[in-house]
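Here's a quick walk through the model you have on screen. Have a look at it first, then read on.

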Amino acid sequence: AIVGDLAIAGSFLGGVIFPIMVIRLLPKVGFGWTMRICAFFILGLLIIRNLTVSSDLQHHPNPVKMNHY
């Protein structure tokens with residue numbers, strides 16, 4: 001339930017923050033840098049997400065045999 005709530009909150013914030021950010025940046029830095037800044041913002045959020053998410057599944061490595069290819 002918490003994960004769904006966070007996803008809904010993230011969708012809402014993305015729908016509010018990105019248009020405001022684009023509208024304010026376009027006249028100042030132009031289209032190219034506006035898109036780059038948005039991409040860097042998303043990259044920063046993805047780095048935070050990747051560092052904080054963990055899996056509940058255990059890893060079971062399978063041996064690789066060359067005759068399977």
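## Surface and overall shape

The chain exposes about 6,400 Å², with carbon and sulfur atoms supplying 70% of it (areas come from the Shrake-Rupley method with a 1.4 Å probe, and for residues only the protein chains shown count as cover). Keep in mind that this is a predicted model: local features need pLDDT of at least 70, side-chain atom pairs count only at pLDDT 80 or more, and totals for chains, interfaces and linings use all residues. Residues are numbered from 1 along each chain as its sequence is written, and side-chain values use heavy atoms, with hydrogens and water left out.

Secondary structure is quickly told: one helix and zero strands (DSSP runs, H or I of at least four residues for helices and E of at least two for strands, numbered from the N terminus). The chain is more spread out than a compact globule, because its radius of gyration is 20 Å, well over the 11 Å that the globule rule gives for 69 residues (taken over C-alpha atoms; the rule is 2.2 Å times the number of residues to the power 0.38). Along its principal axes, the C-alpha trace spans about 60 × 35 × 20 Å.

Helix 1 covers residues 2-52, which is 51 residues, yet its end C-alpha atoms are only 15 Å apart, whereas a straight helix would reach 75 Å at 1.5 Å a residue (the expected span is 1.5 Å times one less than the number of residues). Where does helix 1 kink? The kink is centred on V29 and comes to about 125° (the angle between axes fitted to the seven residues ending there and the seven starting there).

UniProt, in an unreviewed entry, lists residues 6-26 and 33-52 as "transmembrane region"; positions are in the numbering used here, feature names are shortened, and annotations may be inferred rather than shown by experiment. Residues 6-26 are 100% helix and 0% strand, with end C-alpha atoms 29 Å apart. For residues 33-52 the figures are 100% helix, 0% strand and 29 Å.

## Buried, exposed and paired

Of the chain's 69 residues, 6% count as buried (under 20% relative accessible area; exposed is over 50%, partly exposed in between, 1.4 Å probe, protein chains only). In helix 1 the buried residues are M21, L25, T34 and C38. D56 sits in the segment after helix 1 and counts as exposed at 77%. The C-alpha atoms of D56 and C38 are 32 Å apart.

A search of the whole structure turns up one aromatic pair. The rings of F18 and F41 have centres 5.6 Å apart and planes at 75°, so the pair is edge-to-face (Phe, Tyr and Trp rings, the six-membered one for Trp, pair if centres lie within 6.5 Å; planes under 30 degrees apart are stacked, over 60 edge-to-face, the rest tilted). F18 is partly exposed at 22%, and F41 is partly exposed at 35%.
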